[in-house]
Structure formats: C-alpha cells, structure tokens
Amino acid sequence: MSDKSNVEFSEREALFFHSTGRPGKIEIIASKPMATQRDLSLAYSPGVAVPVQAIADDPATAYDYTAKGNLVAVVSNGTAILGMGNLGALASKPVMEGKAVLFKRFADVDSIDIELDSEDPQAIIDAVALMEPTFGGVNLEDIKAPECFIIEQALKERMNIPVMHDDQHGTAIICAAGLINALHLTGRDIRDVKIVVNGAGAAAIACTELIKAMGVPHDQVIMCDRTGVIYQGRTAGMDQWKSAHAAKTDARTLEEALKGADIFLGLSAAGALKGDMVKDMAPQPIIFAMANPNPEITPPEAKAARPDAIVATGRSDYPNQVNNVLGFPFIFRGALDVRATAINEAMKIAAAQAIAALARQAVPEEVAKAYGKSHSFGVDYIIPAPFDPRLMEIVPAAVAQAAMDSGVAQKPIADMAAYRQSLKARLNPTTSVLTLAYEGAKAEPKRVVFAEGEEEVVLRAAIQFRDGGYGIPVLVGRQDVYDRLRALGVSDPHSFEVHNSVNSPLVPRMVDLLYQRLQRRGYLHRDCERMVNRDRNIFGALLLKLGEAEAMISGVTRTYSQTMREVRRVIDPIEGRTPFGIHVLVGRSHTVFMADTTVNERPGAAELADIAIGTAAVARRMGHDPRVAFLSYSTFGNPSGNWLTNLREAVAILDARGVDFEYEGEMAPDVALNPAVMKNYPFSRLSGPANVLIMPGLQSANLSAKLLRELGGDSVIGPMLVGLEKPVQVATMASTASELVTLAVLAAGGIAL
C-alpha cells in the first residue's frame, strides 16, 4: 500500500548503496551560474538585496524570486517508519531522503527532509508551522496515529500552504482509483456497495473518509480493528476518529461483517483475511489486501477461494499494486503549480479519478515494450503501472483544475493545454523508460552471461542483477568464484551458476562450432581448442550461441576493441546491419544519442545511414521522436573540406529510403543543438534541436563521448552495442556495478537491438 519496494537484496548491498560515493541520496545543486565574481554578486551581496526588497513589499513575489514554489518539506518524527515501528527521528532520515528523491524523480519537485526529534504533537506543529516561509508545501510521513491526525489538522488550520500526511491520503487516493475501476468492471454503483474496512489506523481512516466523500453511504461501511467491529455503542478501545465511523450493525467480528460484503479493504496485518471469509462475500468480490509488506490474503489464496474476485495488494510482485508513488509527487506538483492553499477532498478525488481513467486507456508502446508484455484494462490491471510516463501529464492537471474549481488556487492556470504540455517537458522520458526496462526484466527474467565472473565489480553486478529479480546471472570463472561470492556477503554462493571450461561438458561442442566458423580464416583446430579453454569472452559468447543464455555482458578486463574482436569471432551481425555503439547522454529534461562511438573507424555513406536508422530506432524505444543530425566541422559546405562526401551521400540514402524520422546534415554541433544558431538556416528539415547525433568517424565520436562522460553534467549510459544477432553489451573498463546491471538489463530487455 506504499511506495516501498518488495525487491530482495542483502543488508550489505543496501548499506553499500547508501554509503558509496557521497553518503545519502540527495545533494543541493545551484540552478544559476556560479562561475564568476559577477555571478556571485548577483546571487548574494549586493544583488540579492533587490529581490529581498521586492518580497518585503509583496510577499507573493517570493514564488517568483526564490525556490519556494517548487519546494516541499518532507517531515517525520520516526514514530511509524514503513512498518518497522517507532525507531526515532534519526532512523527515519534514509526514508525521508528517499521520499525527497521520489518527489524529484517523478514530478520534478524539490524537497528537503526534516526529522523532528519529538513525540509531542504540539512541538511538531509549532516547528513545522514556523517553517511556512521556506516551503511551498509540507508532506508529513511515518508519524503514528492518532498523533498524525492531530498534527495534520492543526497544520492545515495554521498554514496557508498544502499539507498532507501521505501515509493516510496517498494510500487512500490510489485505493480509491483502483476501487473506481473495480466497480466499473463488476457493474456496481458506488452508492450501493457494502464495504468492510479491516484496520483503524491512519491509512484505514483516510480510505474510509475518501470513499464516503465519493458517495459510499456511511451506513454501508463497517470498520474493524483488533477488538472487532467498530459499532455504535462500543466503548472499548475507542477514540474520536474511530467513533466517527462507528456503524449501526449486529456484526461483531470481521467474519460476520464480511457476509455478503462487496468489498474488503485491508490495512491491517498479514493473514487477517481467510479463504473461508472470502467465500461468504458477494459475487465478484473486490479485495484490496494492502497490509505492508505482506497482505491480509495473497492473490492466489483469494482466487482459490473465489476465482471471480478482483484482488489488489501493496506488493509489486502481484497485479494491481496500490503504490503511493502514483499519487503524492503528482498531487503536490499540481498543488504547487496553482499555489494552492490546501490539498482538499476535491483535489484528492480528482487525482483518484484521473489515475483510474488512465488505467482504462491503451498502454503506450514504450511502457508495454519495457515491461515485456502488453497491459490492458481488466481484472489484473485496474491501477496504472507506477512508471507510466503519462501520470506526470494527467494527474497534476486534474489536481490543479480541482484546486481552481474548489477555490483554493491562488494562481489559476489560464491555458490548461499549454500547462499539460509543460508537464510533459519537465521530465526526461528516458528515465521512465529505463525504469520500465528494469520492471520488464523482472516481469520476464532472462539468463545473462557475465563473462568476467572472477572480477569483484562483475560479481557485485551479478548479485544485484539476481537479487533485484532482473534475471539469472550465468558466471564464467574458476571454482574460487564461490569463495569470492561468499566474501561479498552471499550466504549461498553455490546457488549461483558458474561455468568453467576446465570441467564444462559443453567444450567439445564449442570447439567444433568455433572451428567451423574460423577454419577458413586460417585457424587450426588446436587454435580453437585453446581459445575456448583460455578466453572467457570466446567461452561466454559460445554459451550464448549455443542457447545456454539469452544475453551477455563483458568488457571490464580488456579494451573495448579487443573484447569486440573476441565476441565477433562467435557472434555475427544481424543480416544487412552494421554493428555500432551508442552513448546516451541523459539530462534532467533531455536525452541525446551519439553514434557510432565504439566500432567503425571511418564509416562509409551506407554505414552512416544504417547507423542513423538503428540509433533512431533505439531513441524511439526509449520514448523519443528522433531528430537526426549528421555532425561535421562544416555546416552545409561551409567551410568546404575533404570529408563531407560520406555525410552528404548518407543523407541522400535516407532520402531514397523514405525513412519516417527527421534528419539533416552535414552540420556543426552548435547548429544541431542550439535553436538560436539553427535559426540562421531556415531551410533545415529539423523541427527542433537534434537528439540523435551521427558522428563522422570513430576518433571524433569516441573522444567526444569520453570527454562528456568525464567533464559533462549529464549522466551517461553506455556504450550500448547495437546490431549483433545476439544481445551482447561490451562495457568500459571503468564501469561500476550499477552500470553493468543497467547494460545487462538493456541487453536482456531488447532496448538495444
């Protein structure tokens, strides 16, 4: 029922992730230039005095001159940390940093985590209220009930900015979205259903309040806690929040309450719902078992009792995940953009309805491809995939409109269509597609050869790959690989599959296959025997060729060119294709694909055209409309030179093929990337800055890619190898474990073909 993952990993791996490099998960980056004395003078003294006076004269201008309008405080006292209980304010800091990262990743909202060392509600209320000048909104998190009710209500009354306790309302909004669609599928009217809520904590009460606000009559909802049914007249274990939902009923137990019920909403404890109870529910029962981390009943158990049931849980490994990340980033995005004074019921309902409507739409191709399967609206897809890139466009717009309609927006949006377009532009679709690629790998795990299985960085990557559920690592190495795995904290190293040429029964077949391929290139049978037995890349590629695995990664122990030569002795290019490498430069709001950066030293015109077509296809699979520029030192012949013919002929080849993407060349990088410079060439066929850069030769391409990796501010993915008949990725010798995992996922998931 939350945004927390159910992926398995070792304690060591989790601690390494949080401690490696810069400790923690967030940092502050200046959004203005800070390179010169003039920059510093404008940023601080004396230049800062001008906006200071402007804000003193008109406080609303703080949203124009500071980061307040895009800044959310993520506040906790650590009394209810993601199901672990009261571990204190300091222990909650990793969770709150994680929340800040999710705000930025999904909705481009900046946030600061604030951990308050107090269990006194009034002290927390006073502390947060005093920070109102700093923030545009407050996200309360992991505060136990009933204090969370008291704190949230008081802050709403005192503060003139949005305040939301996400553990309550985030869960309620996503639950409501799923409920809307479950009712749609079963032909029920929300005003006629009988609902049983098991649990009476913050999330349960928020869910109950929201569904009642959406139209469920009070008398048709029965809430239960550990004592049993919360009925009118009960005194044991009651408080004002439970009393508000006391039902007029003769039922006293969960089992009695569920007889004939249409819907079960569980926010309680694992195993609380039994199969026999499910059997007593109404036809086509709707079961939301949202206890974290283990549900009240698993979907297989519920389906065994009632095959006609629709089931949702808080887990990512079952269909219909009730995941807060579908809600809170986008709700705050919409609220901030209209400078809302609150997040009210109308905004929550609008978010739920928008999320529900999105699940009923056709799933875009990039989402389906990255997941490895096609989602469509139905009993196993009533809630959108968490990484559907359309959430950013649809949910904030719905929330912003509801804020305007309900009178809490201080800065109404005049052009909603333009606003929706601006939302799409805030985030880079590559980040969503990469995340979807990881999710797709989990949905359809593949066997991937890690050819350098004796290297620590490779073993770390293999551990992450397996523990993340992305596939099965097939390690190539000697028997001491098991000892190395144990040294890295793996308790069951022999559960890893390790292949060694010394004792592999596959060696004779490998030698015969390699000899058949190389005998007419001057290789003797004994040469092939030696390569199979001594060369890990040859051995690994033959595992792939023989069908023992579905993808392969190598490259950390040898140069790229040497690794490629060894792989190419076994793996052929796709027929009619030119193998090449792509570096992907990923910024916050842009992605640029650069090719060929690794393989072809001086490609001819036909090769350049093929590289352009292949790179454009990869760009599309990563969510972009390709705009291809053939780069040169010359722009349309100025200055003239000796190396322009291939580029011009490549453009002519694309003309003849009638390709379905934009392309232009030859052109200098500033013309391709800078709209102001591009205006000097109004005849250019590019509608905007190029996002696919085809380099004229390997020397310039490889130098540019490596310089950008070392000096640039963007993240760099790759090199990605494209065009071989089998999915192979060749990493660089400096690759980290995380980079190797990304390449392995891309190889297994078909992004780079």
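Figure 1. In β4, Met 164 is the bridge partner of Asn 139. The two strands, β3 (residues 137-140) and β4 (residues 163-165), run parallel and are joined by three bridges. Strands count as paired if DSSP finds at least two bridges between them. Helices (H or I, at least four residues) and strands (E, at least two) are DSSP runs, numbered from the N terminus. The model is predicted: local features need pLDDT of at least 70, side-chain atom pairs count only at pLDDT 80 or more, and totals for chains, interfaces and linings use all residues. Residues are numbered from 1 along each chain as its sequence is written, and side-chain values use heavy atoms, with hydrogens and water left out. Strand β3 also pairs with β1 (residues 71-76), in the parallel sense and over four bridges. There, Asn 139 of β3 is the bridge partner of Val 74. Together with helix α7 (residues 147-158), β3 and β4 make a right-handed β-α-β unit. A crossover is right-handed if, with the strands pointing away from the viewer, the path from the first strand over the helix to the second runs clockwise.

Figure 2. Buried means under 20% relative accessible area, exposed over 50%, and partly exposed in between (1.4 Å probe, protein chains only). Six of the six residues of β1 are buried. Leu 71, Ala 73 and Val 75 lie on one side of β1, and Val 72, Val 74 and Ser 76 on the other. Strand β1 pairs with β2 (residues 110-115) in the parallel sense over six bridges, and Ser 111 of β2 is the bridge partner of Val 72. From β1 the chain crosses through helix α5 (residues 93-107) to β2 in a right-handed β-α-β crossover.

**Figure 3. Residues with a UniProt "binding site" annotation.** The unreviewed UniProt entry lists Glu 141, Asp 142, Asp 167 and Asn 292 under this heading. UniProt positions are given in the numbering used here, feature names are shortened, and annotations may be inferred rather than shown by experiment. Asp 142 is in the loop between β3 and α7. Asp 142 counts as buried because its relative accessibility is 1%. The phi of Asp 142 is near 55 degrees, a positive value in a residue other than glycine. Asn 292 is in the loop between β9 (286-289) and α13 (299-305), and is partly exposed, with a relative accessible area of 26%. A cis peptide bond joins Asn 292 and Pro 293, with omega about 5 degrees. Most residues other than glycine have a negative phi, and most peptide bonds are trans.

**Figure 4. The largest nonpolar core.** A nonpolar core is a set of buried Ala, Val, Leu, Ile, Met, Phe, Trp, Tyr and Cys residues joined through side-chain atoms within 4.5 Å. The largest one has 111 residues, and Val 138, Leu 155, Ile 195, Leu 265, Phe 288 and Met 347 touch the most other members. Helix α17 (residues 391-405) supplies the largest share of this core, 10 residues. At least three residues come from each of domain 1 (44-161) and domain 2 (169-427); the domain bounds come from an automatic or database domain assignment. Not counting residues up to four places away in sequence, Ile 195 touches residues including Ile 211, Val 216, Ile 263 and Leu 265. Contact means heavy atoms within 4.5 Å.

**Figure 5. The loop residue Gly 688.** Gly 688 is in the loop between α29 (675-678) and β19 (692-694). With a relative accessibility of 12%, Gly 688 counts as buried. Leaving aside neighbours within four places in sequence, Gly 688 is in contact with Arg 627 and Met 678. Gly 688 and Asp 480 are 208 residues apart in sequence and 54 Å apart in space, C-alpha to C-alpha.

Figure 6. Asn 638 and Pro 639 are joined by a cis peptide bond, with omega about 0 degrees. Pro 639 is in the loop between β17 (627-631) and α27 (645-657).
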